[in-house]
Amino acid sequence: MKTFLKLITAVIFAAFSGGMFAAVVGLPAVPVIGVLGVASVIPGIAPEGSVLAGVYTEVWTKQVIKQFEQGLKDTFLDGVLDYSQYVTGDSESQVIHSTYFGVEPDVLINNSTYPIAIQELNGEDIPISLDKYQTKATPITDDELGALSYDKMGLVKIAHGDAIVRNRLKKAIHAFGPASHSTDHPVLLTTGAADMTGRKRLIWNDVIALRQAYADAGIEISMLRLVLCQQHVNDLLLEENSDFKKLYANFKDGVVNSNLGFEIRQFDNNPWYTVSTKAKLSFGATPDTDTDTQASVCFPLRKVGKASGITKMYWSKAENDPTYQRNLVNFRNYFLALPLVSKGFAAIISGFAAPVVDSPAIYASVETLSFLAAGEAKIVEISCKNNTAATVTGTGFSVSKSGETITVTAAANTGAERTGTLRVTDFVTGEYIEVELTQLAGN
């Protein structure tokens, strides 16, 4: 009787969970229910301790992969050539061979010579390792871990999927930015008016200058994708009568239509460059906002490639964690995005305006005055005649002021050398200047 009840329970469970599983995964319901029904009563297939227990890692993984796809929609990687089918390896190492990454054959026009020459495209085959992205583990309840319900897995799926997508995009745009300035990889400085921090704003003329830099390098101005950093987006929005403002105010889903031959996107985590050298900071380096600025990156859409490797779910049972008694879940994903050619990648970085050196409110025509022992008067011209007062220290010295002219008088000296100081003070700002006074010793 006990075995019979377990069998009936297993069949009911298989019908219920199999139907939900099939709906989530997109498979026919009847075969799935049948497989689950058989598996639930075969010893060794169902997890130990219960014929009903199970963690649907395939379903969870599928949902995270869906999150990857959703997260890349309308980003700068949307439409990039995908070479995922050529990825090989296991869960510990995923690679793609360089021969699959975008080598182009020469094109013959009006050819009259046969047979057509054979051109090797593979060259030296170099395996390229995909980047490995791993999330930190998230605690999750027994009910959530063993559920097929989308609502149960939704929060974890979104959190882990979005985190991996965000970091994949950040690494990709860094790879697309040129390492430094050259004719084939121009790194241009903005030329707009300085903001309150001294950073020069991006203006439309800078985008036109980038277009000209491509033309000067002999690079086709077609299928170019310009990924603006947020500062540069805001700069263009501030321009009066800006075509960008008209486009941006009307666009939806994060995409601005093509303009000046560029397909425009935006991204928060573009790479940073050192302004003085136009050199890109290494990935993950902390920028110095006194010397570095974030870039907008431009790349030829058909000259970059991406490849996705496996996605794997890892989990640990609560029963194996006596201290906290919690399940832990995280994910591993392999991904790579790289330029396919060595020409045509560019950046625009914000330059810095020359620091404004405030002129002193007051200055004098001389820094020292020397007097004969017999005594004499000398004149000092100052830059400011209003709101100033002149005083002297030292025995035998006196001062008078008329407009921008200061007259210092030294009386006759019959003793040792005298010294003193003339001070002219702006009594509004408190700024002052000083002139050293000396007088020769008397006989």
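In the predicted model, C298 has a relative accessible area of 0% and is therefore buried, the cut-off for this class being under 20%. C229 likewise has a relative accessible area of 0% and is buried. A disulfide is a covalent bond between the sulfur atoms of two cysteines. With a limit of 2.5 Å between cysteine sulfur atoms, the count of disulfides comes to 0.

Across the chain, 36% of the 443 residues are classed as buried. The accessible surface amounts to about 24,600 Å², and carbon and sulfur atoms contribute 54% of this area. Among contacts in the chain with a separation of 6 or more, 71% are accounted for by residues 24 or more positions apart. The secondary structure comprises 8 helices and 23 strands.

An open sheet is formed by 3 strands in the order β2-β3-β4, with antiparallel pairing. Because β2 (88–90) and β4 (127–129) stand at the edges and each has a single partner strand, one side of each is left without a neighbour in the sheet. On average, neighbouring strands of this sheet are turned by 25 degrees against each other, with direction ignored. The antiparallel pair of β2 and β3, the latter spanning residues 93–97, is joined by 3 bridges. Within this pairing, G89 has Q94 of β3 as its bridge partner.

How values were computed. Residues are numbered from 1 along each chain as its sequence is written. This is a predicted model: local features need pLDDT of at least 70, side-chain atom pairs count only at pLDDT 80 or more; totals for chains, interfaces and linings use all residues. Side-chain values use heavy atoms; hydrogens and water are left out. Two strands pair if DSSP finds at least two bridges between them. Helices (H or I, at least four residues) and strands (E, at least two) are DSSP runs, numbered from the N terminus. Axes are lines fitted to C-alpha atoms, for helices over the stretch in contact, and angles run from 0 to 180 degrees between N-to-C directions. Buried means under 20% relative accessible area, exposed over 50%, partly exposed in between (1.4 Å probe, protein chains only). Contact means heavy atoms within 4.5 Å. Accessible areas come from the Shrake-Rupley method with a 1.4 Å probe; for residues, only the protein chains shown count as cover.
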